[in-house]
Amino acid sequence: MNRLLQALDPVRLNSDWEQARSILQSTDNYYSEPVSNAATGETSSSVKNQELTPSSLPSLVASLLKETEIVLHLANDMEIMFSSPEVTGIDVHVPQNTENLPAEYLLFERYLEIFTLVLNGKHNEALLVPIEFPKECCLKYTRVVILKVFLIRAIAYEIVGQVKDALETYSQGGKYAADVITYSKEATIWAEYLYYRFCLLSTDTIGNEFCKLGIDVAITDAAFDGYKIITSHFSEYNISARHSNIPVLELLYYSKQAKWYHRTSSVDEKIDELNKTIQARLVASPDDLFLEQYIDMQQQLNTLPADILLPEIIDISKKTFQSTVIARCLTLTLLNLGKKEEALESYALYWKYNLKKPDRPKDIVHVHERLSELESQIGRDLETKMTFSLRNYTKQDKANSYSVIARAFEETNKEKAGEFYSKSISAYSPNIIPDISLRYGILQARNRHSGPFSSLDTVRSALQKWENDVRLWHLLALVLSSLGEDKKAMIAIEKALELLDEIFQNLGIGTKIKFRGLSQAAAITDKNWRERYIEVKWTQLALIEKQDLDQALVQIPEVFNLYYKLYGEDLRDQETANGLSLTKKKRQSIVTRTLSKTFSVTVEASRTLSGKKKHKQPGSISGISSKENIEELRILNTIWLRTASLYRRAELYIEAEKAIIQAEALVGPTNQSHIELGYLILRSRPCLAINEFEKVLEADRTNLAAVIGFATLANDTADETIIANNIASGSKLFGNEFDRQGLLQRSLALLQTALTKTESSEAWLLLGQLREVGGDIDGAIKAYENCESIESRRSVRDYAVAFI
């Protein structure tokens, strides 16, 4: 072993880089000995005749100086090294003349190459650098370098989105940590940083991601065990944990474990114990980092109601100085409380702090995602703002960022939205995020240029990765239906129903059960899966209706049976479930019998025929009590109203009316019940119908269904047959020509406003007809063309239902 490296070993171990530079600048005393093989201790024949002279070993000295330069430039701060956008100007180190260097020297060269590549944001290149670890290490610093290599490679894996590889690399690096912490204070700090990131990543990933990636939750236990060993040595060097407080991280971990996996008494006891530890620390002498992490954990877990969390955040904000984390938590809490203006003010402060100390990329994206729901410009601004630390965004962070930007452009610039969805999918390639593929697929299906064919490609590509995602199968069915592939659409929707039934069948069997690659825990904690099940069933019904309206009527009880299976008792009517073939003559008698037998329908006087508002009080339906969750009542209300719509299309007006009564008995009149009632009496009682639409339009002038109903009435005023029938029945929609023209003009204005928000072939058709009545032939032709374009890519239901 040459004397130069021996002299540098303790200096480098203690990160005394000024002393290292001094030694390297006066290397004459170290050039006289041959290089020995670090692995064997022998002097190899290939280097025996090669002396350490300034001309023969410039590469080694240059490399040592390079490491000194890097660490001095970065002030040996790992947070700056790996997350700050201000780190620039570090030239990528490329090893020179490494052919005859022993393994220990070559490892050091490779380490510098990887280090500088990661610092320059070239993470994929860093992962391609070949690494061969020496079997024996003559220098203590070599083992520290090995630890650093594992840490740097793990960070690179994190950033490119290879979570499983990152966790495994952290775990491998941890094996060296136990040795290096006995070497020096600086080596211990590197070990602490490795375990900090290991704990953080494994805790963040716990739950659904673990299930998808096939990762054992025990890896998180190993991370925390190792971290505790590292921190137990801190007293030897008089240092404290710089990056994390273990109790806070542990509380986050155990709380997530309780949420995603089987909740045991030991886990609950651990949570209680950690809560007491944290509360005691809060009362004692909390530092800024501890307060930040405590509030961050509360925000993540939603353990406190927003109105209780808010004053706590405000109080802590007075104790910390320009905390990015606290500003972020304040912004999100204000959003949860619906305080839009205050949230925007807090966001401005949050971004100001970000410029000094950037938040984690995924949290930056999350804040913009939440705020863009209120202020789309904030989502569009992210395109500019994310570039300030873009090189350190993981693939998933980039993909989510582009997705937020795309959603912000959806209403104002669909082409731009499509461009960013495409970027989002590419950013995460070869992995695909289902949510982003769904949004992009829906956007493409509605696009008049790309249309359903492009959407089909997107959905099929996503299904190659996520073959058991119910929403993707749902969207596939809708897209196939729009292309006229109804048989294939039915196969796709049946696949979605099969997956949902598996989720239902596995409930309560045991938390370790997995099915079709999805964990039971993931299914249970997805609060939308029951509603999704019902929506998929409705799509199946719509596909059946497209082919045979009679058969669709027979299937209505199946939807109610499904609801009671998911939320209550199974009231399946076996006779109708077996599929009776209804002829038009048989419809009324069998449907009425099915209603009274299966759903306990109470026949009441119709408020639609008498004009009086009569409905049962909420909670009067059999099987549903007034104490039931309001969300469940809302879903049942929707089922009844959709049933009414189907009966109306089948011209079963009495049955449709009964269904509306049942819907209103659950939650009272709603916008949707007003609309459905308006459509039901559109031709028979136009004056009452227009009143129903007006009630909705008073609250929302762009409600498409209400606008279409209102405009249909206006268009009917030009139909002499309908006018004659109305006069004969005693209905009079307008008193004179002035009223009639006012109705037409208002309908035109409502349609034009609604069509700026959404697309609808019915709305464009009505707009064309009203323009034609008004003599605007060119405008009518354009409207008809738009109608035809939308109708050509229309599915049996709105594509958006696939995203539920």
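Helix α6 contributes four residues to the lining of the largest cavity, the most of any contributor. The model described here is predicted.

## The largest cavity

Three cavities of 30 Å³ or more are found in the structure. The largest cavity holds about 100 Å³ of space. Eleven residues line this cavity, and the closest to its centre are Arg12, Glu104, Phe108, Leu139 and Thr142. By type, the lining of the largest cavity comprises eight nonpolar residues, one polar residue and two charged residues. At least two lining residues come from each of the helices α1 (3-13), α6 and α8 (140-159).

Phenylalanine 108, one of the residues closest to the centre of the largest cavity, is located in helix α6. Phenylalanine 108 has a relative accessibility of 6% and counts as buried. Between phenylalanine 108 and isoleucine 131, which are 23 residues apart along the chain, the C-alpha atoms are separated by 10.0 Å.

## Aromatic pairs

Phenylalanine 108 also takes part in a cluster: ring pairs link Phe108 with Tyr111, Phe115 and Trp190. How many aromatic pairs does the structure contain? The count comes to 16 aromatic pairs.

Phenylalanine 115 is buried, at a relative accessible area of 1%. Tryptophan 190 is buried as well, at 2% relative accessibility.

A further pair consists of tryptophan 529 and tyrosine 533, whose planes stand at 35 degrees, so this pair is tilted. Both residues lie in helix α29 (residues 529-547), four residues apart, and about one helical turn separates them. In general, an α-helix has 3.6 residues a turn, so residues three or four places apart point the same way. Tryptophan 529 counts as buried at 2% relative accessibility, and tyrosine 533 counts as buried at 5%.

The table sets out the geometry of these two pairs.

| Pair | Centre to centre | Angle between planes | Kind |
|---|---|---|---|
| Tryptophan 529 and tyrosine 533 | 6.4 Å | 35 degrees | tilted |

## Charges over rings

Rings are also faced by charged side chains. The charged end of arginine 471 sits over the ring of phenylalanine 803, at 5.8 Å from the ring centre. Lysine 565 is placed over the face of phenylalanine 504, with a distance of 5.0 Å to the ring centre.

## Helix α41

Helix α41 (residues 761-773) has 13 residues, which at 1.5 Å a residue should span 18 Å. Which residues of α41 are buried? They are Ser761, Ala763, Trp764, Leu766, Leu767, Gly768, Leu770 and Arg771. After α41 comes glycine 775, with a positive phi near 90 degrees.

Notes:
Residues are numbered from 1 along each chain as its sequence is written. This is a predicted model: local features need pLDDT of at least 70, side-chain atom pairs count only at pLDDT 80 or more; totals for chains, interfaces and linings use all residues. Side-chain values use heavy atoms; hydrogens and water are left out. Rings of Phe, Tyr and Trp (its six-membered ring) pair if their centres lie within 6.5 Å; planes under 30 degrees apart count as stacked, over 60 as edge-to-face and the rest as tilted. Buried means under 20% relative accessible area, exposed over 50%, partly exposed in between (1.4 Å probe, protein chains only). A charge sits over a ring if NZ of Lys or CZ of Arg is within 6 Å of the ring centre and within 35 degrees of the ring normal. On a 1 Å grid over the protein atoms alone, a cavity is a set of points where a 1.4 Å probe fits but cannot get out, and a pocket is an open set with protein on both sides within 12 Å along at least five of seven lines; lining residues have an atom within 4 Å of a point. Grid points are joined across faces, edges and corners, and a volume is the space filled by probe spheres set on the points. Ala, Val, Leu, Ile, Met, Phe, Trp, Tyr, Cys and Pro count as nonpolar, Asp, Glu, Lys and Arg as charged, and the others, Gly among them, as polar. The expected span of a helix is 1.5 Å times one less than its number of residues.
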